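Me: Please show me the protein that we are to discuss. I should like to go through it by question and answer.

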Amino acid sequence: MVNVLGEAALYPKPEPVKVIDPEPTTCCGILFTWPKSTLIVYLYECGERFVFYGLKGILILYLLKNVGFSPLTAGLIFNIFLALSYIIPFLGGYLADGIFGRFFTIFWFSIIYLTGILFLVIASIFPMGHPVHPWLDIFGIAILTVGNGVIKPSVTVFGVDQLKPHHLSMISIFFALFYIFIQIGGILGTAIVPSFVAMPCMGQQSCFPFAFGITFLVLLVCMFAFSAGSCLYQPIPPIPGVFAKVINTVKIALYVKVKGIGTTREHWLDYYLNIHDCTKHLECIQAAKARAPGSPPNCPQAKFIDDVKNFFALQNILAPVILFWALYEQQSSRWMVQARQMDAQLSPTFFLLPQHMPIFFGILLIILIPIFQFLIYPILAGCGIRLTYLKRMIIGGLFAVMAFILAGIIQMGLNQTMPATPSAGQASLAVINAFPKGCRLVVADVPGYVTPAVIPAGLGLTDNPLAARQEAYQVPVGASSRINPGIQMNGSCSGRGFVRYPMDLNSGDSKIIVVLPQGIFSQPTVTTKPTEGLISSGISINFLIPCKFLPEDFKKSDICSTLASGLNSLTPYNGPLAVCRTNPNATTPCDPTDPTGFYQWEAPTDQMALKAFPPVGDKPQGKATLSHYADGIIGPGPFSVYYVKPGATPAAPAQYVAVENSDFAINGMGGVYVLTIGLADSVLVDDTVANVQAFHQLSPPNYMSIVWQIPQYVLTAVAEIMFAITGLEFVYTQSAPPLKAFSMAFWMANIGFGDLCVIIVQMINPFSNMAYEFFAFAIALFLVLLLMTYMSLSYPYANYTGLDEEEQGLLDVPPDVGADNEGFVNTLVTRL
């Protein structure tokens with residue numbers, strides 16, 4: 001018999017259900033209702049982030065100093081570690097949703113994580129060259145990477161699972177607090193773990209066993225706390241075979257659509273229903289038996305197809321997120337490069353160093369997150385401005401665009417003060433006068449220049465954009481060229497008169513010619529700002545003092561005994577040298593523990609050719625060398641150069657003897673300098689000869705304060721709050737319960753792909769100017785945000801609160817289902 005009243009008569013709508021679990025709206029209500037189990041999850045995540053950021057801060061240094069890898073190999077292993085940490089979460093999502101469940105996935109893979117760290121603790125006990133290296137190190141890094149990657153998506157989802165799915169405001173608060181604990185763990189790990197490396201222990205200069213051991217103990221305590229709270233948790237059991245079911249549904253839907261079986265459907269996944277028969281499907285039969293009398297029919301397969309559609313819609317809308325993370329990761333790479341070009345000294349005693357900026361950024365996030373969560377968002381809602389998830393994310397992306405535009409503007413200002421590199425077809429050439437007072441050099445016959453340059457004693461031709469000084473020669477050379485400049489020595493120049501110095505210059509070269517009483521030499525120059533150390537400037541030393549002019553103790557040293565006869569009398573000392581900050585109140589002249597006031601070379605970086613002057617006349621004799629000590633890193637202040645005599649035993653202190661007339665001073669940070677120390681007469685004379693020195697600036701110190709970087713960090717913090725935290729909440733609330741951890745893995749994979757984008761761009765290096773790079777990233781993200789805005793017009797918000805529309809009305813649940821993105825887009829386009 002046909003029911004003429006239709007399905008509504010067969011399944012009359014039940015009476016409205018009285019909801020007995022409304023979400024609390026007051027602070028006291030939220031505190032009283034808040035599940036205590038989340039506090040354990042917060043503790044675990046804080047500890048795990050401490051471990052991850054601690055390992056991240058010391059891993060490259062460990063691979064260099066203890067394992068003995070080259071910088072290239074160490075950097076490659078580190079980048080693989082980071083990339084896999086955000087790709088392996090796919091495995092974690094699969095295991096958490098479909099095999100072990102979220103609790104046991106976290107538990108078992110925390111043990112694997114701990115095992116990997118334990119291997120590093122054991123390996124770090126042994127010195128470089130021991131047979132355990134590098135295999136035990138690589139094995140430990142591989143194991144901890146798997147453990148870290150698998151638990152990443154599970155912890156986040158497991159924590160939110162402790163809340164009711166329709167308590168959306170509390171879920172939002174959870175993610176805000178969760179992010180705060182991530183920042184606390186990251187800040188502590190970044191600050192504490194590397195500090196242990198600086199301590200000597202177990203006969204090694206760096207205490208890596210203790211640093212790795214701290215991370216092991218922290219994670220062990222957090223894992224025990226997480227396990228002890230198991231009786232408090234609200235577990236969500238896994239659904240075995242859920243991923244096979246997704247794949248099977250997709251495969252059948254595509255097959256039916258391609259073959260044209262059945263009726264036309266609006267969505268390609270709905271084609272599965274053309275061959276679906278509820279009377280023959282086990283899940284549908286079981287659902288029909290369990291259905292309450294009078295309730296409408298419910299097809300589990302149709303519901304599952306909706307879940308899969310939501311999953312694909314979510315991944316589609318999140319595809320542009322990759323570029324946001326590519327910009328975000330610039331903080332730890334390109335922004336650090338920019339910071340090292342800036343002045344970190346805020347007062348005579350306080351420095352805001354580049355390595356402090358990540359910690360500053362974390363503190364900034366901890367301050368701003370509660371302000372947005374409990375002040376800005378409620379005020380906007382009270383004014384009738386309700387931001388859906390996608391609206392928040394798009395606005396947050398715009399803040400990131402503004403941050404990079406500002407970074408580009410600052411970089412343009414910095415570029416105006418950086419030493420200019422020679423353009424194609426040119427070479428840069430400077431001349432330094434290292435004669436004592438009273439001797440002037442007149443340099444002529446340089447191609448492209450008619451007027452001779454006059455250089456007083458102790459000075460040189462200097463390029464300093466800050467002082468608008470452009471003195472170095474820019475010589476036109478084509479691909480290469482041989483030049484023969486003439487140098488006239490006037491005044492008290494040890495009897496010297498005129499000399500020519502033929503030399504080769506190639507396109508792009510930067511070189512200096514140094515003229516001193518001993519002779520004349522040239523060398524390439526490096527003006528790149530130092531990238532290591534604390535308040536650092538770069539220093540190189542050209543040392544021309546032969547052993548026969550050294551203090552008596554050093555004349556008898558093993559180094560000098562091999563240089564004492566014949567033509568080797570021209571050979572300079574080539575043993576250990578140190579530069580030490582001058583301190584009249586110090587009991588010893590040098591303090592090797594002072595990171596900014598001491599630097600020691602064990603031997604010269606290389607030996608360079610010197611065209612030596614004879615005792616009388618101008619014609620260089622040749623057959624001489626000088627010791628070049630390169631790439632020293634020191635801080636500001638007065639310094640002197642010292643000969644170093646190592647202690648007879650490890651317990652005996654080294655002896656430091658000052659080099660005559662070697663004092664110099666450095667102001668600020670970021671400058672690059674060369675110090676030349678030689679004799680005031682020919683090296684061939686037998687009499688006692690005084691020392692001469694010339695201190696020359698190759699690159700000026702940083703002038704723009706690092707404070708100018710703070711606004712771009714503030715904008716990026718706002719961007720992260722509105723984009724990243726909202727993104728976590730968006731992914732969780734828009735994912736079907738069986739696929740939440742796997743969906744979270746996709747979100748984290750976007751971070752990894754963003755890192756990969758940065759690596760690729762840096763390898764290709766398409767930008768000669770870092771400012772252009774920042775502007776290009778900002779434009780690219782803006783275009784992606786426009787695409788994301790357009791895609792949001794058709795995004796169907798899903799409802800996984802477990803409530804129908806009537807129950808949502810009773811609970812005042814925000815109606816994100818079918819949220820009006822179009823009005824937001826129209827407003828945005830109108831303003832643009």
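Me: Does Asp445 count as buried, partly exposed or exposed, and what is its relative accessibility?

Reply: This is a predicted model, in which local features need pLDDT of at least 70, side-chain atom pairs count only at pLDDT 80 or more, and totals for chains, interfaces and linings use all residues. Residues are numbered from 1 along each chain as its sequence is written, and side-chain values use heavy atoms, without hydrogens and water. Buried means under 20% relative accessible area, exposed over 50%, and partly exposed in between (1.4 Å probe, protein chains only). Asp445 therefore counts as partly exposed, at 44% relative accessibility.

Me: Is Asp631 buried or exposed, and what is its relative accessible area?

Reply: Asp631 has a positive phi of about 60° although it is not a glycine. Asp631 is exposed, because its relative accessible area is 55%.

Me: How far apart are the end C-alpha atoms of helix 15?

Reply: Helices here are DSSP runs (H or I, at least four residues) and strands likewise (E, at least two), numbered from the N terminus. The expected span is 1.5 Å times one less than the number of residues. Helix 15 has 26 residues, so it should span 38 Å, and this agrees with its end C-alpha atoms being apart by 35 Å.
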